[in-house]
Number of protein chains: 2
Amino acid sequence: MNASTLGKAIPQVNARSKVLGRAQYAGDVKVAGMLHGKVLRSPYPHARIVRIDTSAALALPGVKAVLTGADAPRAMWGVHHKERRILAEGVVRFAGEEVAAVAATTEEIARDALDLILVEYEELPAILTPEEALDEEAPGVHPGRNNVSHEIKFHLGDVDAGFAKADLVYEATYDCHAQYPGYLEPMATVATIDPDGRLQVWTSTQSIFQARMRLAAALEMPVSDIRVMQATTGGGFGGKMVEDANNLIAGLLAVKTGRPVRVVNNRLEDFLACCSSVPERITLKLGMAKDGRIVAKDVRITAECGAYSGLTAEVMHVTAMRSDNMHRLENVRSHATLVYTNNPPHGAFRGFGGAQMQFALNSHIHMMAEQLGLDPVEIHKLNAHEAGDTSIHGWKIGSTGLRECIDQCIDAIQWKAKRAGKGNQARGSRPRGVGMAAAMHVSGNRTIGNWDGSTVIVKINEDGRAVIHSGECDMGQGAMTMLSQVVAHELNIPLDHVHVVAPDTDISPYAIGSLASRVTIAAGNAAILAARKAREALIGLAATKLEVPVDGLEIVDGFIRSRNAPDKRATIAEIARLHIWRHDGEGLQVSATWDAKTVMHGDVHGNIAPAHSYAAQAVEVEVDTETGRVTVLDSYVSDDCGKAFNPLAVHGQSNGAAAQAMGWALYEQLQLENGRLANGNFADYNMPTADSIPLLRSGIVESNDPNGPYGAKGASETAILPGAPAIANAVYDAIGVRITDLPITPEKVLAGLRALRQAGEQEQGGSRHA
Amino acid sequence: MNASTLGKAIPQVNARSKVLGRAQYAGDVKVAGMLHGKVLRSPYPHARIVRIDTSAALALPGVKAVLTGADAPRAMWGVHHKERRILAEGVVRFAGEEVAAVAATTEEIARDALDLILVEYEELPAILTPEEALDEEAPGVHPGRNNVSHEIKFHLGDVDAGFAKADLVYEATYDCHAQYPGYLEPMATVATIDPDGRLQVWTSTQSIFQARMRLAAALEMPVSDIRVMQATTGGGFGGKMVEDANNLIAGLLAVKTGRPVRVVNNRLEDFLACCSSVPERITLKLGMAKDGRIVAKDVRITAECGAYSGLTAEVMHVTAMRSDNMHRLENVRSHATLVYTNNPPHGAFRGFGGAQMQFALNSHIHMMAEQLGLDPVEIHKLNAHEAGDTSIHGWKIGSTGLRECIDQCIDAIQWKAKRAGKGNQARGSRPRGVGMAAAMHVSGNRTIGNWDGSTVIVKINEDGRAVIHSGECDMGQGAMTMLSQVVAHELNIPLDHVHVVAPDTDISPYAIGSLASRVTIAAGNAAILAARKAREALIGLAATKLEVPVDGLEIVDGFIRSRNAPDKRATIAEIARLHIWRHDGEGLQVSATWDAKTVMHGDVHGNIAPAHSYAAQAVEVEVDTETGRVTVLDSYVSDDCGKAFNPLAVHGQSNGAAAQAMGWALYEQLQLENGRLANGNFADYNMPTADSIPLLRSGIVESNDPNGPYGAKGASETAILPGAPAIANAVYDAIGVRITDLPITPEKVLAGLRALRQAGEQEQGGSRHA
């Protein structure tokens, strides 16, 4: 019997433990004698710390440690720029920055102790917008440096010549705001000192090895003296790649007290400490031939990193160039500038900078299509790369289902009929409109370092069942299920005969982690290789025992048997035991690494990803012209994930992405008032709930990538990219108002309608006066 | 700089965590919501369980489960014979057998609940001695079987012809009693159900994989659904190989309650439930030529397994044949019978049956030497195998330091002078005497299965430090230190740059466990191979990077550098990182397996061990002829461990073994009264304390075994073997009383002296009447 679940809709292997409430999230880890940590944060976006008096806090019964910047190691942490201390010393640079940390016997005492820490601040002028930051007179957020954290410039082809021959040149500026990752589980860590004096950390993370590296650097310890274990992780969305200081503070408190310390962010703390997505202002200029062919693209970006830069340079990099690879372009120019402000830091977020540019680009294409009298769908399809193409940045397109995605989603919402019926549709108080957008994303990324691989270990137990070790983190997206499916498929054993061991730096093979939509392609391929090695070992040994040639054997129903004489057989368990109990035997354990055959040219160009995922989305919206409220009536996301191992998981990702995109487009907005977050809770920060989104629909396109495991590519990030522009385009389609700064709030809609009315009146008035 | 610690006296790598009280023994493991388990045991050695009423116990607040045999799986467990239930059903076969188990919120409640369980027994006639068991009329301890659990017979050469040509034939019968392992840490387990529903067990064990296998069988679960983790283990001495039912009961309670359950034996429970060593009656007949050459050996053994046989058949096997391989023998015959009784079960114990026969053989040689006018030392040396020999059972003697061991220990106690001065020494009220004995043991053993290997995984972290995975358990003997020393030596890195991960069935490569003195030879060799693989990988990569041939590189002071141009160098850490961050890179992790090149012929003969350890011991005793008390004044154990990686550890093993042998010889004795243990505590069961043993001395002989890692063999068990006969011989030397049944209690000494006096008086009387 074929036991494979590949391609079947199945619940995730860890779903049961989650729905039964048994899964151990980091905050659930309980260690005897555990203390509770709390963090005191700066109330000012920029201030000098004049004095800290911790004596009253220390005197509170139950308080075991009160640490300030003076107690933390001298090391600075950060991705590009080592610019941040675990606890601020001397200066705070954003409202929310960690100033002191308390460990106490209960969370309540720790919280009370925070109130007893007296910090005298001298407020300093704060830079709260990129414009202020770029003012030549502006003081530096970081001493001795101007406020440009990073800059990217490139020019390929001849952009000016391109514009010169264009039939239509269109330029507009788009503003994208920061989105809070909104995972169900705020950051949480339990840190303890193990009996040998090593630091042991359970945390919520997308990458145990990056977390270990960061802990080691910030705490000035060798990585080998630190063990990071991924607890069950309740969502990451990029926010748990370069986590907030949560696990650094937990580690510091554990080192200083010698006791286990639990630091669980409450929701407000998580809002303050996490990295929300990068706000960007994008000025896009496109030149198009009249058939819709894009002949020149010029991009200027101002991105804001906040007080510390983290991963934002990489994010901006993606904004600057990723969308160039979706179309057959010859002339592109980009100039992107990342600036510091005294706002809370930004960072990685699902889509990793892609959403910002896709909002601009897809809005742009819609507008230009209209001006050229074309359907935006046709412009996308006309310009789209085909499999076999090499993009302007050197990306080799191994597979693309972009056109199929577009067709699937526009058919699903009856694009043509609804566009055609436009004229017939009364522009009542609740006009409706349709919009679409398309996007691409990488599956894997060599820019992380000169490796984009993954190692998977497969161990066969004496009962013939399999154990998998991988350092890639399942943060809810399904990595464990994917690995289980692959190994079970290759060995033709039931899915529940496979167990994936949770990532642990002492145990797991080195791994980059769950980011850049890389896990299915990298770890999936490694899992195939490892499982095949295990299969070969089993079959080889069975061949000797059963005296059947290797080619004549198959694994079926728990047996390794002769294809021709099925009675010649042994159980997998028997062969697994024989693998040990013989001369030169050993427990069957194999390891395989797959590294992407990608290349880098310098630090920008090259075929950086082994595969690329595509998505398109079409939506229908209704706009209440009295209140300005936009309601998404229908949404269909099509995702080209190459091959869907588990359609249930792919639909889950697509629908989750669509909801998150709707949140960014319509509802969510971090309210900073003088640099201070005013809505750090789910009552005031409005993530979309069930009543604000339609029944989400999604479709899968399987383009079977030659580099993918069984053709698969990533399926977590691409689907978030087209949502916002599809909605903006639908709003424009409905009411003729083009919103270029997100989110599309009722106020902006009403303002747009008002402007439209005024323009119409002026036009009427003008014509009247003409 | 040479960072190696090989051959240096160093503290064990886990010593610090132990002396600081930080080490986590199984009883220290605390899991949130943990229940406490207690076991109700049979007060009768043999009885029918008529009825069990658990209702009152269940009604006690805090009690979460009361389980009886009816609740346990139908499976039976055992090594050869599957004959034992986790909880007895229908019949109990020894006083102490597990009848019911309680899980409650506190240990006190659990204990109270035991008193509320009403068990109605119908006492049955109990078989309490091997003689009763072998009576043809005796009922079977197990239904439908006679009481012979196992029988071994072999005859090599022509024993009768050997005796016929012997100049001296001597026969005597020796009785050896059971010794309690006396580890500091009683058996302890914490079992829990993990979020995926798997059983997760921390326990005190010598073999995680055997523990897992036994749990799986007894609980009727696939091994893959069970994870066994070795907690820090406070001694095993064989008693934690096939542990008592402690972890089975903990596992059962966890499965039934779905909650974590801790079951920690108190000392009495541990006495009742553990396997003490196998009591044996040995009738030994030796034929000797007048020069001391052994020409024939005939052995009859009656061994008692108690109610369940466990590993006792293997133990008896060793008694029957291991000592044959110490001497150049041509004619040996053995007949050994293992019998069931209704006494508590026996099992593996340091020396694994060797001590019993060495007691008989060394006592015998002393007596025959006297009769032949020879020094027993000369008889041992004359008969001893030399390196290159093959023994009568086919053992290939690769190295032997037996003669050096004998010379070293007899010199140390001034054997010749003290023996020569005998005549001058007044036989006052406290006569003194010297005694010696010699012994051998295996290092590894192929009889466990057709594999005697070990797998070691070495992982190099990005800081150039190493992590080791092995499934072999450190129960205090120093396996972790040994592995660390080997890997640090091969990589020439400091010892504290190496970390050994504790054995864990989900993580560790398959391993047999810590038994048969096999870990240093098997895992030590595997560690050499793995570390060399890691070194090769590092050197190979450095050669490419530094453009220096592989042969020209060395690892010194944290650098990989050119021998000729030391400035051409990279840190180990840089190369470890480069091993990841490159095309086709991966984290450096290598695995190597070493399997002994040993063979089995049938189930008895063959070259079963890759190496053999030797030991000799000489003691001086003083006998108080008024009280009968024997005091050991001096003791010197010489151990041929091939090569001492860590002399401190070897001396520790030798001295511990000498103390344990003195306990067996002089002080310890399990008092069974009608099958019921009467002295299950350290007040009444007298293990030797500091005031009852002399300053222990020990010496190391390094015979450099060709199969050993750097020449090393096992160094934990051999040293326990010669202690008892050396003392018995010294007592005989002091007072002329030959004690053949252990322990040598004052009562037996006084009885011997009385018999001697009576015999002397009779002789005098006889001569008077002549």
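## A helix pair in chain A

Axes here are lines fitted to C-alpha atoms, for helices over the stretch in contact, and the angle between two of them runs from 0 to 180 degrees, taken between N-to-C directions. Keep that in mind for a first look at this predicted model. In chain A, helix 11 (residues 376-383) and helix 12 (residues 402-412) have axes that come within 10 Å and cross at roughly 165 degrees. Angles over 145 degrees count as roughly antiparallel, and that makes helix 11 of chain A roughly antiparallel to helix 12 of chain A.

The crossing of helix 11 and helix 12 of chain A is left-handed. If you want to find the contact on screen, pick out Val377(A), His380(A) and Lys381(A) on helix 11 of chain A, then Arg403(A), Ile406(A) and Ile410(A) on helix 12 of chain A. Sorted by class, the residues of this contact between helix 11 and helix 12 of chain A come out as 3 nonpolar, 1 polar and 2 charged.

Next, hop over to chain B. The axes of helix 6 (residues 208-219) and helix 7 (residues 246-257) of chain B come within 10 Å, crossing at roughly 55 degrees. Helix 6 of chain B and helix 7 of chain B are therefore oblique to each other. The crossing of helix 6 of chain B with helix 7 of chain B is right-handed. On the helix 6 side of chain B you'll see Ala211(B), Leu215(B), Ala218(B) and Leu219(B), which meet Asn247(B), Leu248(B), Gly251(B), Leu252(B) and Val255(B) in helix 7 of chain B. The contact between helix 6 and helix 7 of chain B has 7 nonpolar and 2 polar residues, and no charged ones.

Back in chain A, helix 15 (residues 519-546) packs with helix 16 at an angle of about 90 degrees, and their axes are 10 Å apart. That makes helix 15 of chain A roughly perpendicular to helix 16 of chain A. Helix 15 of chain A brings Ala537(A), Leu538(A), Leu541(A), Ala542(A) and Lys545(A) to the meeting, while helix 16 of chain A brings Ile572(A), Ile575(A), Leu578(A) and His579(A). The tally for this contact between helix 15 and helix 16 of chain A is 7 nonpolar, 1 polar and 1 charged.

## Domains of chain A

Domain 1 and domain 3 of chain A do touch, with 16 residues of domain 1 in contact with 16 residues of domain 3. On the side of domain 1 of chain A that touches domain 3 of chain A, helix 6 (208-219) and strand 11 (226-230) of chain A each supply at least two residues. By class, that side of domain 1 of chain A holds 5 nonpolar, 8 polar and 3 charged residues.

## Where the two chains meet

Now for the interface: 39 residues of chain B are in contact with 39 residues of chain A. Strand 17 (453-460), strand 19 (498-501) and strand 23 (588-595) of chain B each supply at least two residues of the side of chain B that touches chain A. Strand 23 of chain B gives the largest share of that side, 4 residues. The side of chain B that touches chain A has 13 nonpolar, 15 polar and 11 charged residues.

What takes chain B onto chain A? The same surface serves both copies, since 100% of the contact residues of chain B recur in chain A.

## Backbone spots worth a look

Zoom in on the peptide bond from Leu742(A) to Pro743(A), which is cis, with omega near -5 degrees. Pro743(A) sits in the loop between helix 18 (723-735) and helix 19 (746-769) of chain A. In chain B, the bond from Leu742(B) to Pro743(B) is cis too, with omega near -5 degrees. You'll find Pro743(B) in the loop between helix 18 (723-735) and helix 19 (746-769) of chain B.

One more for the list is Asp584(A), with a positive phi of about 60 degrees even though it is not a glycine. Look for Asp584(A) in the loop between helix 16 (572-580) and strand 25 (588-595) of chain A.

Note on methods. Residues are numbered from 1 along each chain as its sequence is written. Chains are lettered from A and ligands numbered from 1 in the order in which they are written. This is a predicted model: local features need pLDDT of at least 70, side-chain atom pairs count only at pLDDT 80 or more; totals for chains, interfaces and linings use all residues. Two residues are in contact if their C-beta atoms, placed from the backbone, lie within 7 Å. Ala, Val, Leu, Ile, Met, Phe, Trp, Tyr, Cys and Pro count as nonpolar, Asp, Glu, Lys and Arg as charged, and the others, Gly among them, as polar. Angles under 35 degrees count as roughly parallel, over 145 as roughly antiparallel, 65 to 115 as roughly perpendicular and the rest as oblique. A crossing is left-handed if the near helix is turned anticlockwise from the far one by less than a right angle, and right-handed if clockwise.
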